[in-house]
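I opened this notebook to record what I looked up in the structure. The entries follow the order in which I consulted it.

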Amino acid sequence: MSYPINWNTDRIFKDGITGTAIHQRLAEITSAIPTFNAAVNAWQLAADAPAFSNFNALLDQYENIQNGISTIMTFAEMISSAESKNQEAGPVLSQAQNLATQFQSGTNQLQKKLVAATDSDFNQLQQAFPVIAFNLQELREQGKRLLDDATEDLINRLAIDGFNGWSQHYTTLSADLKFPVTLNDGQSLTLSAGQAQNRFESDLDPKNREIVFNQWEQTWSNHAANFADTLNHLAGFRLTDYQAHHEDNYLAVPLRLNRMHRETLDAMWASVSANKKPFTTYMAQKARLQGKTEMAWHDQWAPVVVGDFTPTTYTFDQAAEFIISNFRRFSPKMADFAQHAFDNGWIEAEDRPGKRPGGYMTSVPDIKEARIFMTFDGSASGVSTLAHELGHAFHSSLLNDLPSFRRDYAMNVAETASTFAELIVADATVKAAKTPEEKLNLLDAKMSNPMAMLLNIHARYLFERSFYDARQKGPQTVDQLKQLMTQAQETAYAGSLSTFDPMFWADKLHFFIDDVPFYNFPYTFGYLLSSGIYAKAQTQANFEDQYIALLTDTANMSAEDLVQKHLGANLSKPDFWQQGIDLAAEDAKQFLTLSEAYI
């Protein structure tokens, strides 16, 4: 099979970001929002009972507007990701954000009406709409924290140029960066951020990795003041908003968005912190295989190559076939879904200049499809990333026919399906190894996931905690941010690094995302949850049905209730987290045993 390596945008808006179709959809939404807001103002819950025909009509209007705004924003982000120099996507995104602000006014009114309802009337509404009963309760609870209409409207409008604007500013700044390098063989290249990142994972020459990393640090440092301003203003706006809404702790909103309790978060990180030894030992062994006494920051992702082994590289078509065949061993529905995504050009994977770094999956609700963005480099890690994003897309596809409220699953459980898909592929590559040298290389590639989730993301979390503690007292300087980041990396990696990335606070997009605060701990949650699911999948004949049932419930209950219902586990206890960590530690142990022959 030959699969397209660029995504198909015609089914979304066939004539592009400047065409008629997207502007017609903008016009439709512009017209629909005042109608919806007026209908919300006129709606009376008690008078609408027991048939609730007016509320049902409100839900239809809500669905149309929400889908339209999401689709337009998604399309604008897709265009700017694939074409970093595109000047047309930004204005379209701004228009959509303005519409979202207007729409939020009506949604706020709806929440306030739910708050004002008697418990008896509200319970009757929930009974009439059982599919979204949990989500209605969430809306009601959120409504209790809302300020007066004028203040909420002002905050939302100021956010467009203040909060959202600073996040977009980061995108503009980072997209313009160039990384000129002269490699060890004398070859001169100018890399994009995405291409430079790929070098850390794919370049076998340690000198090249060092050259690229030094330029990486220098380039980000040259623009550090701009990135520091951006990060400080984003955090400042967020903290002011929290204060206005009487949030007593900056973690309250991230936890609520992830539908999880503080006890769960603390139990997870306590388990991670208590189990660093297998992973720092792995790091030390990997450094020795690289001919070094300690691991340098920029070498931690480099592939392990011993003997005469040359790492396997995959064409995009080979990666697709490998993913599809291994998905099928666990879930025919996952495999069929992946096949459909590859066949129909849902993936933008070409390795070329002018693309943003990173990868993501985004839903396109108007057409009930998804799109995936990445830069595929042919490595085993690239195959895992592709599987990861397909896992996200499969999860979303299961909810396509549910109301939009029931599609709004939290980030922590979102990372479950993606990491599960990644585990399937990583495990398959190790089992398919033909020689000890190849197996060692693939075990190392598989270890990249727990190393990211248990060490790297822990560093991100620790940095954000210390940064927000400090930011409450005032803006932080570049030097202060570097110091906070270095301290976080030293703690999270438990002293196993010889060098650090002090500019990681600037070069990591996740710190600058406006709509998801603390874009870190949900990854670790999802990884450890998916590990438990993966272990269960290998022992249960009817796993697919159970797995789909769990994913379908992800926007319908708290994280604690979800895990208790489908896995029978208590998230506030260390046992649950330990089982996932132990699975990764077994891979680390296997790596150590196998690698002894090459030291």
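**Entry 1: The three-stranded sheet**

I began with an open sheet of three strands, whose order is E3-E5-E4 and whose pairing is mixed. Strand E3 (347-348) and strand E4 (360-364) stand at the edges with a single partner strand each, so one side of each has no neighbour in the sheet. I noted that the model is a predicted one.

I then looked up how E4 meets strand E5 (residues 369-373): the two pair in the antiparallel sense over five bridges. For Thr 362, I found that the bridge partner in E5 is Arg 371.

**Entry 2: The hairpin**

Next I turned to strand E1 (residues 179-182) and strand E2 (residues 188-191), which run antiparallel and are joined by four bridges. Within this pair, Val 181 stands opposite Leu 189 in E2. How many residues lie between E1 and E2 in the hairpin? I counted five, and I recorded that Gly 186 in the turn has a positive phi of about 90°.

**Entry 3: Lys 276**

I looked up Lys 276 and found its place in the loop between helix H13 (262-273) and helix H14 (277-289). Is Lys 276 buried or exposed? Its relative accessibility is 9%, and the cut-off for buried is under 20%, so Lys 276 counts as buried.

I then asked which residues Lys 276 touches, leaving out those up to four places away in sequence. The contacts are Leu 454, Leu 455, His 458, Ala 492 and Ala 494. For one of them, Leu 454, I also looked up the separation from Lys 276: 178 residues in sequence and 8.1 Å in space, C-alpha to C-alpha.

**Entry 4: The chain as a whole**

The chain has 26 helices and five strands. Its radius of gyration is 24 Å, close to the 25 Å that the globule rule gives for 599 residues, so the chain is as compact as a globular protein of that length. The C-alpha trace spans about 75 × 55 × 50 Å along its principal axes.

I recorded that 57% of the 599 residues are buried. Of the contacts between residues at least 6 apart in sequence, 77% join residues at least 24 apart. Lastly, I noted 47 positive and 71 negative side chains, with the centres of the two sets 2 Å apart.

Notes:
Residues numbered from 1 in each chain as written. Predicted model: local features only at pLDDT ≥ 70, side-chain atom pairs only at ≥ 80, totals over all residues. Heavy atoms only, no water. Rg over C-alpha atoms; globule rule 2.2 N^0.38 Å. Buried < 20%, exposed > 50% of the residue type's maximum accessible area, 1.4 Å probe, protein only. Contact = heavy atoms within 4.5 Å. Lys, Arg positive; Asp, Glu negative; His and termini not counted. Charge placed at Lys NZ, Arg CZ, Asp CG, Glu CD. Pairing = 2+ DSSP bridges.
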